[in-house]
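Q: Please show me how the side-chain contacts of this model are to be read.

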Amino acid sequence: MPKFNSQIINGRFLADKIFHEIRQEIVKKKLTPSLAVILVGDSKASKVYVKLKQKACLKCGIEFYLYELPKDALEKQVLECLDFLNQDKEINGIIVQLPLPKHLDEDKIIKALDPRKDADGFHPENIKLLKNGRPYIIPGLCEGIIKLIRATREDISDKNVLIVSNSQIFAEPFNHLFVKGRRVKTCEWVSPQDKNFSEKTKEADVIIIAIGKPKFLKANMIKKEVIIIDVGCNFIKNIGSRLKRAVWGDVDFTSCGKKAKWISPVPGGVGPVTVAMLLANTVKLYKQQHKIISS
């Protein structure tokens with residue numbers, strides 16, 4: 001069997017370090033941050049993600065509030081819940097767990113969120129500030145991925161980054177953080193449906209992929225020594241196995257691991273660090289709302 005050559009980017013280790021720093025700051029400064037999550041429906045994947053966030057909040061000393069609504073909840077009900085949390089001065093950070101049931105307008109609901117309580121950093125006002133170089137809050141997913149890349153200690157200032165996703169909207173924050181921040185040479189987006197997809201992936205020095213297709217990226221699509229960040233999280237039923245479900249990324253971990261220099265695993269890569277950055281954002285929002293200057 002060919003040797004697995006890639007070095008693994010340990011997201012759990014990095015997340016634990018961030019959790020420890022958050023906990024220390026909360027205790028030292030006697031902060032009382034809180035996070036509220038709106039969960040609509042009974043998606044197993046969403047429930048797993050929310051449980052992880054709740055567990056992390058407990059670990060760090062952040063108050064956690066969960067508002068569950070049925071999968072057939074009316075848009076009006078979701079907006080009313082969101083308005084209640086926007087007005088509640090005891091709530092510092094709010095997230096709406098995505099994806100929402102198909103009958104709900106995600107854009108409309110996210111826009112209804114108070115941008116000053118937007119712990120995920122997805123509100124259009126916060127994205128606009130990010131584009132203008134004056135971010136109020138940076139999306140935790142983007143910040144987490146940047147931290148994972150930094151953990152490799154590789155110099156990527158002259159490298160080409162490729163964002164593989166179904167929507168260019170996902171790639172926009174990275175373009176501003178990477179290029180305007182002068183962290184990389186180029187940052188481009190490509191859809192998996194692009195006719196020149198493999199040509200572009202073979203030229204990339206860093207690939208960030210989030211398309212929701214298990215084991216989609218193969219070794220024949222990448223060049224040697226590439227850094228791969230796998231954002232995919234696909235729950236697959238294991239028929240005939242004792243395991244009820246398995247979690248696979250968008251990357252064929254086994255084949256790509258023989259060519260890539262660094263690769264983030266699923267699970268244990270992007271997920272834990274994204275949760276850690278969500279909590280870091282919650283603390284940041286708390287300090288902004290209470291006019292506490294960061295030291």
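Q: Which residues are linked in a network of salt bridges?
A: A salt bridge is a side-chain nitrogen of Lys or Arg within 4 Å of a carboxyl oxygen of Asp or Glu. Here Glu-25, Lys-29 and Lys-287 are linked in such a network. The model is predicted, so local features need pLDDT of at least 70 and side-chain atom pairs count only at pLDDT 80 or more, whereas totals for chains, interfaces and linings use all residues. Residues are numbered from 1 along each chain as its sequence is written, and side-chain values use heavy atoms, with hydrogens and water left out.

Q: How many salt bridges does the structure hold?
A: The structure holds 10 salt bridges. One of them joins Asp-16 and Lys-59, at 3.7 Å from N to O. Asp-16 lies in helix α1 (residues 11-29) and Lys-59 in helix α2 (residues 44-60), 43 residues apart; helices are DSSP runs (H or I, at least four residues), numbered from the N terminus.

Q: Does Asp-205 count as buried or exposed?
A: Buried means under 20% relative accessible area, exposed over 50%, and partly exposed in between (1.4 Å probe, protein chains only). Asp-205 is buried at 14%, while Lys-223, its salt-bridge partner at 2.7 Å, is partly exposed at 30%.

Q: How many disulfides does the count come to?
A: A disulfide is a covalent bond between the sulfur atoms of two cysteines; the rule applied is a pair of cysteine sulfur atoms within 2.5 Å. The count comes to zero. For Cys-81, the closest cysteine sulfur, in Cys-57, is 16 Å away, and therefore too far for a bond.

Key:
Helix = DSSP H or I, 4+ residues; strand = E, 2+ residues; numbered from the N terminus.
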